[in-house]
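Dear colleague,

I am handing over the structure below, and my notes on it follow. Please read them with the model open beside you.

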Protein chains: 2
Amino acid sequence: MDPAARVDLAPESGTLQVLPVHGIGEISPGDDLAGILASCAPLRHGDVLVVTQKVVSKAEGRLVPVDESDPAARRRLAESESVRVLRRRGDLVITETRHGFVCANAGVDMSNVAHGWAALLPVDPDRSARRLRDGIRARSGVEVAVIVSDTFGRAWRQGVTDIAIGCAGVAAVVDLRGEHDALGRPLVATEICVADEIAGAADLVMGKATGIAAAVVRGVDPALFRRSSVAAEIVRSPAEDLFR
Amino acid sequence: MDPAARVDLAPESGTLQVLPVHGIGEISPGDDLAGILASCAPLRHGDVLVVTQKVVSKAEGRLVPVDESDPAARRRLAESESVRVLRRRGDLVITETRHGFVCANAGVDMSNVAHGWAALLPVDPDRSARRLRDGIRARSGVEVAVIVSDTFGRAWRQGVTDIAIGCAGVAAVVDLRGEHDALGRPLVATEICVADEIAGAADLVMGKATGIAAAVVRGVDPALFRRSSVAAEIVRSPAEDLFR
């Protein structure tokens with residue numbers, strides 16, 4: 001990215017802005033989500049567009065019927081979307097999805113979905129992000145990064161936060177090893193998951209109840225833009241994971 | 001908070017801004033951190049000020065000498081700050097601190113600290129946040145919320161993110177149960193850890209290497225301001241935790 005463009009990105013140097021995207025409306029399978037986002041979102045060169053998994057899954061037709069009167073139906077559906085069950089408590093299961101994500105119910109979700117239906121995670125959320133990025137560039141000529149976000153719980157900490165499950169054009173994890181701290185000491189093992197921090201920032205302007213399904217994050221350090229970075233990099237391999 | 005004030009907080013309705021705080025400089029034990037922040041940070045009524053644990057620990061004198069030539073010295077120090085060791089790998093330990101936080105090396109950190117010294121977590125980070133909030137109000141008359149942030153790793157996911165270890169004036173976890181989604185269905189079990197999302201957003205303008213130790217988050221939904229919320233609410237009790 002042209003360093004000179006940064007002045008235009010952030011009104012005050014180093015300032016970040018997070019803008020909600022209004023007017024996306026209800027999304028159905030087959031909808032041109034890139035076109036809808038290109039027309040609704042106030043996008044500029046160098047922005048990061050965060051899109052929630054739910055609208056991506058709907059546009060991609062990742063919807064399956066589910067019997068809502070059967071409390072175990074979602075659990076069975078979640079297990080069918082998983083490669084491994086880590087924990088069970090009643091009808092809640094914490095599983096590892098095919099992508100390697102560890103989350104509740106394999107990300108199978110019935111909120112903001114029509115009665116009798118559940119949304120599954122996209123088959124390949126990094127590909128979803130890449131297609132949205134390419135589609136927005138093709139329609140509007142604007143070069144943005146795209147993050148597909150979802151809402152996950154965490155071990156040890158109460159409450160959910162939005163994190164990145166798909167990523168195109170922006171670094172997922174930034175390795176600061178080899179750089180130095182403010183006192184000149186080498187930084188060790190400081191890999192920052194900026195994609196998760198950006199997804200969480202976007203959630204702050206969305207709110208679960210208001211139906212805002214995307215946000216624009218403006219002013220992200222241009223040094224974090226990467227052509228080839230994917231959210232799959234965030235998945236810690238089971239062999240390296242002390243808690244799987 | 002006066003709802004009419006919101007127009008002033010966020011130039012565009014629903015927009016969030018994150019501003020780095022410059023000029024804090026090197027902090028030493030006994031420094032008047034609230035006074036320094038009140039003079040350096042461009043604070044307005046309703047802002048959330050995020051302050052990194054490192055400067056809070058330094059101001060509070062939470063520094064101990066450590067023999068840097070002994071690779072096990074930090075591990076022993078971390079164990080002395082912990083109530084439980086969850087995992088070990090070489091000289092890395094994942095422990096539960098006295099506060100209940102689960103993190104690497106009990107949060108004992110030697111980066112951005114003088115050679116031969118390590119910084120411990122504040123004894124009571126919620127009290128630290130409350131004192132900063134009260135001190136800023138006393139010095140400048142501005143009512144802000146304060147989050148003390150730290151950089152933690154996560155189970156299952158690569159990379160660290162900034163999260164809240166102390167909190168004053170803003171909700172740590174928001175319970176949306178009882179509200180409805182955009183299609184009118186009741187939301188179940190949607191407790192959002194907004195304090196962690198705010199801390200992560202603040203990190204995006206800090207950068208580990210640049211020595212910016214605080215950020216102002218402007219435009220946070222006034223509904224999230226709570227007089228009595230504390231980050232201790234984020235600690236999941238071991239009895240409820242499926243991964244401890």
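Two strands are said to pair if DSSP finds at least two bridges between them, and helices (H or I, at least four residues) and strands (E, at least two) are DSSP runs, numbered from the N terminus. This is a predicted model, in which local features need pLDDT of at least 70 and side-chain atom pairs count only at pLDDT 80 or more, while totals for chains, interfaces and linings use all residues. Residues are numbered from 1 along each chain as its sequence is written, and chains are lettered from A and ligands numbered from 1 in the order in which they are written.

Strand β1(A) is joined by 3 bridges to strand β1 of chain B, residues 16-20, and the two run antiparallel; within β1(B), V18(B) is the bridge partner of L16(A). Counting two residues as in contact if their C-beta atoms, placed from the backbone, lie within 7 Å, 56 residues of chain A are in contact with 57 residues of chain B. On the chain A side, the elements that give two or more residues are β1 (16-20), β4, β11 (191-192) and α6 (194-203), and the largest share, 7 residues, comes from α6(A). That side divides into 26 nonpolar, 13 polar and 17 charged residues, where Ala, Val, Leu, Ile, Met, Phe, Trp, Tyr, Cys and Pro count as nonpolar, Asp, Glu, Lys and Arg as charged, and the others, Gly among them, as polar.

Turning to chain A as a whole, its secondary structure comes to 6 helices and 12 strands. Its radius of gyration is 18 Å, close to the 18 Å that the globule rule gives for 244 residues, so chain A is as compact as a globular protein of that length; the radius is taken over C-alpha atoms, and the rule is 2.2 Å times the number of residues to the power 0.38. Buried residues make up 52% of the 244 residues in chain A, a residue being buried if 20 or more other C-beta atoms, placed from the backbone, lie within 10 Å of its own, exposed if 12 or fewer, and partly exposed in between.

An automatic or database domain assignment provides the domain bounds, and chain A is divided into domain 1 (13-61 + 122-235) and domain 2 (63-120). The centres of these two domains, taken over C-alpha atoms, are separated by 23 Å, and the contact between them takes 11 residues from domain 1 and 11 residues from domain 2. On the domain 1 side, α3 (53-59) and β8 (145-152) of chain A each supply at least two residues, the largest share, 3 residues, coming from α3(A).

Chain A also has an open sheet of 3 strands in the order β4-β5-β6, with antiparallel pairing, whose edge strands, β4 (82-89) and β6 (102-104), each pair on one side only. Strands β4(A) and β5(A), the latter spanning residues 92-97, are joined by 6 bridges, and R84(A) stands opposite E96(A) in β5(A).

Finally, in helix α2 of chain B (residues 33-40), the buried residues are L33(B), A34(B), I36(B), L37(B) and A38(B). What covers them includes β2 (48-52), α3 (53-59), α5 (125-140) and β12 (214-218) of chain B.

With best wishes
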